[in-house]
Amino acid sequence: RRLLRRRLVTVARRLAAIETSLTPTQRILVWLDEAHAYGSLSSHVDSLLDQPPDTFPINRLAREAAMATRSSLRGKPAELVDAAVRKVLRDTIFRFALVMRINIVGHELIDRQALLYLVFAGQLAVLATNDRKERREDLEYLRRLALCRDLSIDRVNDLLAAEAARSTAEARYFEGRVALFPMS
């Protein structure tokens with residue numbers, strides 16, 4: 001038992017040392033792994049509903065980042081510690097807010113594009129049911145068909161641009177880790 005206790009204490013010390021050395025990015029990545037384990041953002045949020053506010057991710061991440069920074073700078077001048085704590089809090093909260101923004105914008109975009117897809121699919125269905133031979137020479141029909149095609153291509157381009165922007169942000173701020181949660 002004594003040996004087991006020593007090993008547990010050693011493991012706890014090592015874990016504490018690792019946690020105090022986490023960068024804001026690493027801290028957010030650890031949280032992202034925890035949150036992604038729930039399968040969706042709404043499932044993760046549901047798991048927090050009965051929890052006290054101190055356990056909410058933004059509060060916990062900020063508290064842990066501030067404590068780790070203070071701990072690593074123990075004995076240094078208060079001005080230096082305060083400045084370092086402000087910087088680590090700013091970086092951590094920015095990354096957390098960026099994850100939330102990526103998810104809000106991404107899910108809204110997907111919802112909007114899905115609705116537009118239905119509109120364009122319906123319009124194409126109407127256009128396709130008309131007699132094609134006669135319509136090939138109807139300028140209004142051809143204009144509507146071209147417009148539907150062009151608007152559909154625009155939607156695809158919007159989705160590709162959003163994916164590129166998200167991937168760029170993930171590469172820059174999250175070491176390439178996916179920040180977007182699956183839709184629930």
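A salt bridge is counted here when a side-chain nitrogen of Lys or Arg lies within 4 Å of a carboxyl oxygen of Asp or Glu. The model on screen is predicted, so local features need pLDDT of at least 70 and side-chain atom pairs count only at pLDDT 80 or more, whereas totals for chains, interfaces and linings use all residues. Residues are numbered from 1 along each chain as its sequence is written, and side-chain values use heavy atoms, with hydrogens and water left out.

**First stop: Arg-177 and Asp-33**

Select Arg-177 and Asp-33, whose side chains form a salt bridge with an N to O distance of 2.7 Å. Arg-177 belongs to the segment after α7 (139-173) and Asp-33 to helix α2 (residues 24-36), so this pair ties together parts that are 144 residues apart in sequence. Helices (H or I, at least four residues) are DSSP runs, numbered from the N terminus. Arg-177 is partly exposed, at a relative accessible area of 33%, and Asp-33 is partly exposed as well, at 44%. For these labels, buried means under 20% relative accessible area, exposed means over 50%, and partly exposed is in between (1.4 Å probe, protein chains only).

**Second stop: Glu-64 and Arg-60**

Next, select Glu-64 and Arg-60, where a salt bridge joins the two side chains at 3.7 Å, N to O. Both residues are in helix α4 (residues 57-72), four residues apart, and are thus separated by about one helical turn. Glu-64 is partly exposed, with a relative accessible area of 29%, whereas Arg-60 is buried at 18%.

Move to Asp-91 and Lys-87, a salt bridge in which the closest N and O atoms are 2.8 Å apart. The two residues are four apart in helix α5 (residues 78-129), a separation of about one helical turn. Lys-87 is partly exposed, at 45% relative accessibility.

Then select Thr-92, also found in helix α5. Thr-92 is buried, with a relative accessibility of 1%. Which residues does Thr-92 touch, not counting those up to four places away in sequence? Display Pro-24, Ile-28, Leu-61 and Ala-65, which are the residues in contact with Thr-92 under that condition; contact means heavy atoms within 4.5 Å.

**Last view**

Finally, return to the whole structure, which holds nine salt bridges. Those visited on this tour include Arg-177 with Asp-33, Glu-64 with Arg-60 and Asp-91 with Lys-87.
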